[in-house]
Structure formats: structure tokens, C-alpha cells
Amino acid sequence: MDFVRKLFKGNLNLIGRIMFGAAGLILLASLFLPWWHLDLVAPQYPEGLSVIVYPDKLDGRIDIINNINHYIGMKWISEEDFPEFQVITKVAYVIIGLALITALVKKRWLAWLTAGLGAVGGMIGVYDLWRWLRDYGTQLDPMAAIKIDPFTPPIIGTNKLANFITYTGFNSGGYLLGLSIILMLLAAWRFKEHEKQKE
């Protein structure tokens with residue numbers, strides 16, 4: 001209990017408040033940028049085919065990828081199958097609002113609450129992405145024309161399937177999201193007003 005009391009004691013100092021304000025604006029900017037991508041490259045598609053994930057939509061050559069996936073029995077990729085798109089931006093706007101309020105009122109308990117929500121939300125998002133990759137790669141139609149072993153593309157990295165090489169990774173919006181969470185956690189942990197007064 002003493003550790004918890006110390007954790008929440010004091011208020012944010014000026015640097016911490018600036019970091020929270022910046023974190024909120026960075027998170028806001030990330031909502032307009034792609035968070036993650038999957039690129040397929042093959043001899044017949046040397047320019048590559050991409051699935052680009054935004055916080056609220058999919059983009060890229062999904063129509064062509066769906067036609068290719070049909071031969072291995074992978075289910076159709078469609079925005080309507082992802083209810084997360086209806087929730088992610090709303091949650092993000094709540095965290096942005098809390099981050100800006102934290103910068104104004106400088107309460108450390110609110111800083112930890114906001115940073116915690118951001119961190120937990122980020123972890124849930126990464127798990128959800130992995131779950132969808134696993135589901136698409138392992139729930140293949142046994143009646144498909146081409147039989148392949150179930151697989152799970154990595155969240156970050158490369159994967160080879162037949163003559164396709166898959167490249168996956170975060171995009172600019174995903175990096176900004178991560179930066180925003182790190183700034184909030186760092187500000188809540190390190191930049192306390194009462195520590196500054198002791199120095």
C-alpha cells in the first residue's frame with residue numbers, strides 16, 4: 001500500500017504536463033494515418049499487394065487479395081467483419097481528452113489512469129491483430145482448390161507462402177500511437193512536482 005500511495009503522490013510538473021499534452025496531440029494525429037500493413041509480393045505481382053489498416057477502416061488492394069486467398073480457402077476480408085473499427089476511434093478520443101485534461105489539471109492519479117488506459121488499449125489492440133491474423137490463416141476451407149498448412153502471419157516480419165512473400169509491420173500511425181503511450185507512461189512515472197521541489 002505504501003508503494004501505491006507513493007506512486008500516486010504529488011502532481012505532474014511542467015515537463016510532465018507538456019508531455020501529456022504532446023501525447024494527446026500525437027495520438028490525435030495517429031488517427032489519420034495508417035497503423036499497420038501487410039504486403040504480398042510475388043513474381044506475378046512485383047509491385048506488391050497491400051492491406052493497410054487504419055484505426056477505422058481498411059485500405060489497399062483487398063479485392064485482388066481476396067481473389068487470391070479464395071484459392072487457398074481463406075475467408076473474405078471485409079471491413080464489416082471488424083467491429084473494432086466502430087470502437088477504436090471513440091476510445092482514442094476519450095484517451096486524448098483525458099490526456100489534455102491531465103495536462104491542464106496536472107493530477108498524478110489522472111495521469112496514471114490515462115496512461116494505463118492507453119497502455120492496456122495498445123496491448124489489447126496488438127492481441128486483437130494477432131488473433132485476426134491467426135483466424136484468417138488457420139480457419140481455411142478444407143474444400144479449397146489449393147491445400148496448404150494453416151499458418152499465422154507475424155505482426156512484424158516476413159512469411160513465405162507458396163510463391164508469395166508476406167511483409168508485415170507497423171506504419172506511421174502505429175509508431176505515433178506507441179510514442180504517445182510511452183510519453184504518458186514516462187510522464188506519469190518520472191515527472192512529479194514534489195520530486196522537483198525536493199531537489
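1. Let's start with Lys-106, which sits in the loop between H4 and H5. Helices here are DSSP runs of H or I with at least four residues, numbered from the N terminus. The phi of Lys-106 is near 55 degrees, a positive value in a residue other than glycine. Most residues other than glycine have a negative phi. Lys-106 counts as partly exposed because its relative accessibility is 22%; buried means under 20% relative accessible area, exposed over 50%, and partly exposed in between, with a 1.4 Å probe and protein chains only.

2. Before going on, please keep in mind that this is a predicted model, in which local features need pLDDT of at least 70, side-chain atom pairs count only at pLDDT 80 or more, and totals for chains, interfaces and linings use all residues. Residues are numbered from 1 along each chain as its sequence is written, and side-chain values use heavy atoms, with hydrogens and water left out.

3. Now look at H2 (residues 14-30) and H6 (residues 172-190), which pack at an angle of about 160 degrees with their axes 8 Å apart. Axes are lines fitted to C-alpha atoms, for helices over the stretch in contact, and angles run from 0 to 180 degrees between N-to-C directions. H2 and H6 are therefore roughly antiparallel to each other, a term for angles over 145 degrees.

4. Which residues of H2 meet H6? Among them are Gly-16, Met-19, Phe-20 and Ala-23 in H2, and their partners in H6 include Leu-176, Leu-177 and Leu-183; contact means heavy atoms within 4.5 Å. By class, this contact of H2 with H6 has 14 nonpolar, four polar and no charged residues. Ala, Val, Leu, Ile, Met, Phe, Trp, Tyr, Cys and Pro count as nonpolar, Asp, Glu, Lys and Arg as charged, and the others, Gly among them, as polar.

5. The buried residues of H2 include Phe-20, Gly-21 and Leu-27, and what covers the buried residues of H2 includes H4 (88-105), H5 (108-138) and H6. In H6, the buried residues include Gly-173, Ile-181 and Met-184; their cover includes H2, H4 and H5.

6. Finally, follow H6 across to H5: their axes come within 9 Å and cross at roughly 150 degrees. H5 and H6 are therefore roughly antiparallel to each other. Ala-111, Trp-112 and Gly-118 of H5 are among the residues making the contact, as are Leu-185 and Trp-189 of H6. By class, the contact of H5 with H6 has nine nonpolar, three polar and one charged residues.

Note on methods
Helix = DSSP H or I, 4+ residues; strand = E, 2+ residues; numbered from the N terminus. Parallel < 35°, antiparallel > 145°, perpendicular 65-115°, else oblique.
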